[in-house]
Amino acid sequence: MDDKLKQDEQREALKKQQKKSKLEQQAALGVQGGLELKKDEKAKFLGQFKERVLKALTFAKVEKKGIYPEVAEAIEDKRADKLIIDRRVDKQAAKEYINLSREADLSFKRVQSPDFVGDIGLVVASNQAVKVDNILLNSSKQDEAILPESLLAAKGKKICADCYNKLKDIAPDKVSDYKKISIIDKLLGVECAAEINQEVKD
Ligand SMILES: [Zn+2]
């Protein structure tokens, strides 16, 4: 082999090597980018991967009186494993969600980290990827679909006409979960399972 050919070969090998390491660098950057993204997600969802989150509520929503039915459903979802609430959320305000999560045998944790960003104060999460699309509540529903705890507890039971009509006003899509007390029921002494009159008045 003459020198010229040898040089060409070496040059070629060097080029290949450079090309390869460039690809490796790009791949490494890609992985790094993915990790950064996951880190951002976790910072936003109280330390949870977004793909594991069933439902999330903002601070303002958690502290509203009553329970969002969508969050109650997420807590009762078979895939749910834990309820996580930011330490800055008023514990009294989150009590109803905490009680529900206990009944559903979810683990409950209050967390705090300087890394957290955004305004999420409550997360219902699984230990596995669930890939739920609508993690946050539908904005048009957010203000109307909040149910008093007494009404939520009466799900599947008979309620009086007053409560039934109020339910129809605040969450029309939930009406089918309840039965209205009939005149015969009344004669038989059946009582409303959800006395929400006082709570809903104001
Ligand atoms: Zn009633």
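The chain holds eight helices and six strands, where helices (H or I, at least four residues) and strands (E, at least two) are DSSP runs numbered from the N terminus. The order of the elements from the N terminus is α-β-α-α-β-α-β-β-α-β-α-β-α-α. The model is predicted, so local features need pLDDT of at least 70 and side-chain atom pairs count only at pLDDT 80 or more, while totals for chains, interfaces and linings use all residues. Residue numbers start from 1 along each chain as its sequence is written.

The radius of gyration of the chain is 27 Å, well over the 17 Å given by the globule rule for 202 residues, so the chain is more spread out than a compact globule. The radius is taken over C-alpha atoms, and the rule is 2.2 Å times the number of residues to the power 0.38. Along the principal axes, the C-alpha atoms fill a box of roughly 110 × 35 × 30 Å. Buried residues account for 26% of the 202 residues; a residue is buried if 20 or more other C-beta atoms, placed from the backbone, lie within 10 Å of its own.

Helix α1 (residues 3-44) has 42 residues and should span 62 Å at 1.5 Å a residue, which agrees with the 61 Å between its end C-alpha atoms. The expected span is 1.5 Å times one less than the number of residues. The number of buried residues in α1 is zero, so this helix lies largely in the open.

An automatic or database domain assignment divides the chain into domain 1 (42-144) and domain 2 (149-201). Their C-alpha centres lie 27 Å apart. Six residues of domain 1 are in contact with five residues of domain 2, contact meaning C-beta atoms, placed from the backbone, within 7 Å.

The largest nonpolar core has 40 residues, and those touching the most other members are Ala56, Val71, Ile75, Leu122, Val123, Val124 and Ile159. Such a core is a set of buried Ala, Val, Leu, Ile, Met, Phe, Trp, Tyr and Cys residues joined through C-beta atoms within 7 Å. Elements that each supply at least two residues include β1 (53-58), α3 (69-76) and α6 (161-170). Strand β4 gives the most, with five residues. Domain 1 and domain 2 each contribute at least three residues to this core. Apart from neighbours within four places in sequence, valine 71 is in contact with Lys55, Leu57, Tyr97 and Val124.

How values were computed: Contact = placed C-beta atoms within 7 Å. Buried ≥ 20, exposed ≤ 12 C-beta atoms within 10 Å, placed from the backbone.
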